[in-house]
Amino acid sequence: MNETRFNSEYTERCRDYFKTEYPQGATFFIQNEGCQMNSLQTETVAGMALQMGLTETTEEQNASVVIYNTCTVRENANQKIYGHLGGLKSIKRKNPGLKIVLFGCMMQEHHVIEKIRKDYPFVDVVFGTHNIHKFPELFYRSLMGNSQIIDIWEDSDEIVEGLPTARKYSFKTGVNIMFGCNNFCSYCIVPYVRGREKSREPVSILRELETLAAQGVSEVMLLGQNVNSYGKTLDIPVSFAELLKEAEKVEGIRRIRFMTSHPKDLSDELIRVMAESKKICHHLHLPMQSGSSRILQKMNRRYDKARYLDLVDKIRTAVPDISLTTDIIVGFPGETEEDFLDTLDVVRKSGFDTAFTFIYSKRTGTPAAKMDDQIPQEVIRDRFDRLLSLVQETGRSRSARFTGTVQEVLVEEENREKGLLTGRTEHNLLVHFPGDPSLIGTYVPVQLDTCKGFYYFGTVKRGS
Ligand code: 5AD
Ligand code: SF4
């Protein structure tokens, strides 16, 4: 069956329904939780909602349809959704015509679906991560009946191409190059909720890049849970480095970013391509998770402390001005003070520009959830605070290295403070500077005058 055609048939039916039933116009409110991969799927569902005849609103209270794309990487993401649902229950009491839609990672968990069935019967439509193209059909079925529609797929071996999208920016966007994850890091729920790794065909990706460039997009972020293993499962295998080389040839694309890289798969070829490229931004997100070889093994990360430090060395030698960012988990089961000191040691030696620090969260169904030695909260809190002050100190001094230099900035938006614009350098540093809103979407040379820790104030420097 042609899934995309099927989707457009129900899109039409929804559109007709809204035209007849809501002559004054129906609206949708959509909220994204979680990572950039989720944001892209949120934009796709928003694109479908627009085609279904809804217009977007930022006022949840008055929307005809409320949609949440959910995350479940840590327990607090789930708690946040349950909190929102409490609020939505009272909105729906006042407005019984309200339609509530939940989708995404959290919906892939059996215990969540049981809870929604039992405790949240006022939720109208639920789907997961594998069938977002079914949104118009599921929504239409809900419009035609009153019962809760739940459709969750365990996995899928197909990637549906050509879905609509409502992009936040006209000049930059993410592009999915693969879905799912095969790594099964022992703490992580992602492989269970996003399924097995599937790469898009290079031609589909390159065609999308060409279309985006023709539409005025100049910066792209290639996205996958582990982009370094891109292409391994294709009929004709292609490496990520090869894909990057092809992407670089697309005219009109000026900046290429990618996320996320797994250290175990970061190849010398990729480092070489980065070093030689004119378009690949000098920013690498390389999650280390822990600095202790013993904990890394328990995490099933398949590299150790020495290999991580060695990689950092190699990258810094090949691309000396690289901005390096990372993810770190504190309080993994069995983590001793000595293990934690190894983490601090790697942070000191690696000089991260930014490190995202997380408190270990027990995810039901993962191997780590069954491990003995879960760490007491007060020990975790203490380690977390010590780590945070170190990464902030390192980050601040790393960011300051650009003070006084002129960097090319892609202008993204007007700042809340009037007269100021906000943009990013290739190193992903945020810069605020005085300028006219007509510059949004363009590249401007900006002198970075004052470093404020993680962002700069600057001034435009033409002709430099
Ligand atoms: N607890 C805490 N942090 C986690 N992450 C993934 N799973 C967990 C968990 N169970 C973090 C990892 C990953 C980032 C996206 O989220 O650091 O790189
Ligand atoms: Fe989770 Fe590890 Fe896959 Fe990243 S690579 S999504 S941390 S299992």
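Residues are numbered from 1 along each chain as its sequence is written, with chains lettered from A and ligands numbered from 1 in the order written. In this predicted model, local features need pLDDT of at least 70 and side-chain atom pairs count only at pLDDT 80 or more, while totals for chains, interfaces and linings use all residues; side-chain values use heavy atoms, leaving out hydrogens and water.

**View 1. The second largest pocket and its lining.** Here's a space of about 880 Å³, lined by 35 residues. V160, E161, G162, L163 and E208 sit nearest the pocket's centre. Elements giving two or more residues to this lining are α2 (36–51), β7 (172–176) and α7 (202–214), and α7 gives the most, with five. (A pocket is an open set of points on a 1 Å grid over the protein atoms alone, where a 1.4 Å probe fits, with protein on both sides within 12 Å along at least five of seven lines; lining residues have an atom within 4 Å of a point. Volume is the space filled by probe spheres set on the points, which are joined across faces, edges and corners. Helices are DSSP runs of H or I, at least four residues, and strands are runs of E, at least two.)

**View 2. A closed five-stranded barrel.** Follow the strands in the order β15-β16-β17-β19-β18, with mixed pairing (at least two DSSP bridges between two strands). Antiparallel β16 (residues 420–424) and β17 (residues 430–434) are joined by five bridges, and L420 has P434 as its bridge partner in β17.

**View 3. The surroundings of ligand 2.** Residues with a heavy atom within 4 Å include C181, C185, C188, H262 and R301.
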